[in-house]
Amino acid sequence: FSDSGSAQGQGADVHGELLATMCTGNPPDAVHAFLTRQTSPQQLQRLEKNLMQAFEYVNLVTCTRLQVATQHLLVIVQELQSCASWGRRFHSVGLEEAPLGQFEGRTRRFLSLTELLLLECSKARRFAHILLQLLLHQAQKLSDQPAHAGDGTPPTKPEVVCSAPSQADLDDFVAAARRRQSLDLAGVTSRIGAKKVSEDQAVQSEDPDGSLSALAHGLVEEAE
């Protein structure tokens, strides 16, 4: 959208363009240029499918791998804490309650971040679904406009089905667009700890261990 707006000498306000498209049912110039020159209904449909599969994969890994492993780690740490409290027997092997307590706290923090990731994925998935359905509907309308071949026969185009979002989903999308929610899923990627997320897109948090990858790295170093 930004490229399309710049090419036409307009200041690109992506969120404003999306809201205008939703409210009027007609895409502004920048959105129209994007839908007609840079994408197609089929590409948008494939993008949505791939993106929804990515969200499902993140949820699957978080629930069946990360959270299960973290719960198992907590059980082990708690057993070690019980042993460390018996100083006469286990102090000689290096078990101390204070470091284990800190490690348990960081482990619980990691578990809480997985819950935050699942919540953020759910919100981002709904936002992305409505966004792509909005663009898909407009792209389908533009592709259905009269266009005839040399013999006057309308060209055959593959049918793309759009699903109608609920009113609650639309309200959430409008609210997110007004908040200028990131369109490149910066909240999810920064929570995971993707290296490509720029500093201005990162999740703002007072806790330095705001991403799963950073906290996991810290846990490994502390365990060693």
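**Ground rules.** I work with a predicted model, where local features need pLDDT of at least 70 and side-chain atom pairs count only at pLDDT 80 or more, while totals for chains, interfaces and linings use all residues. Residues are numbered from 1 along each chain as its sequence is written, and side-chain values use heavy atoms, with hydrogens and water left out.

**Overall fold.** I counted nine helices and zero strands, taking helices (H or I, at least four residues) and strands (E, at least two) as DSSP runs numbered from the N terminus. Along the sequence I read α-α-α-α-α-α-α-α-α. Of the 224 residues, 34% count as buried; buried means under 20% relative accessible area, exposed over 50% and partly exposed in between, with a 1.4 Å probe and protein chains only. I then looked at contacts (heavy atoms within 4.5 Å). Among those with a separation of 6 or more, 73% join residues 24 or more positions apart.

**Cores.** A nonpolar core here is a set of buried Ala, Val, Leu, Ile, Met, Phe, Trp, Tyr and Cys residues joined through side-chain atoms within 4.5 Å. The largest has 17 residues, and L18, L35, L44, F127, L131, L135 and F173 touch the most other members. Two or more residues each come from α2 (14–24), α3 (29–38), α6 and α7 (167–178). I note that α6 gives the largest share, nine residues. Apart from this core lies another of 16 residues, including F55, V77, F103 and A124.

**α6 against α7.** Their axes come within 9 Å and cross at roughly 95°; axes are lines fitted to C-alpha atoms, for helices over the stretch in contact, with angles from 0 to 180 degrees between N-to-C directions. The two helices are therefore roughly perpendicular, the class for 65 to 115 degrees. From α6 I found R126, F127, I130, L131 and L134 in the contact, and from α7 A168, D169, L170, D172, F173, A176 and A177.

**E120.** This residue lies in helix α6 (residues 97–143). Leaving aside neighbours within four places in sequence, E120 is in contact with G187, V188 and R191. E120 and R191 are 71 residues apart in sequence and 8.6 Å apart in space, C-alpha to C-alpha.

**Cysteines.** I searched for disulfides, pairs of cysteine sulfur atoms within 2.5 Å, and the count came to zero. C121 is in none; its nearest cysteine sulfur, that of C63, is 9.6 Å away. C121 is buried, at 2% relative accessible area, whereas C83 is partly exposed at 26%.

Methods:
Angles under 35 degrees count as roughly parallel, over 145 as roughly antiparallel, 65 to 115 as roughly perpendicular and the rest as oblique.
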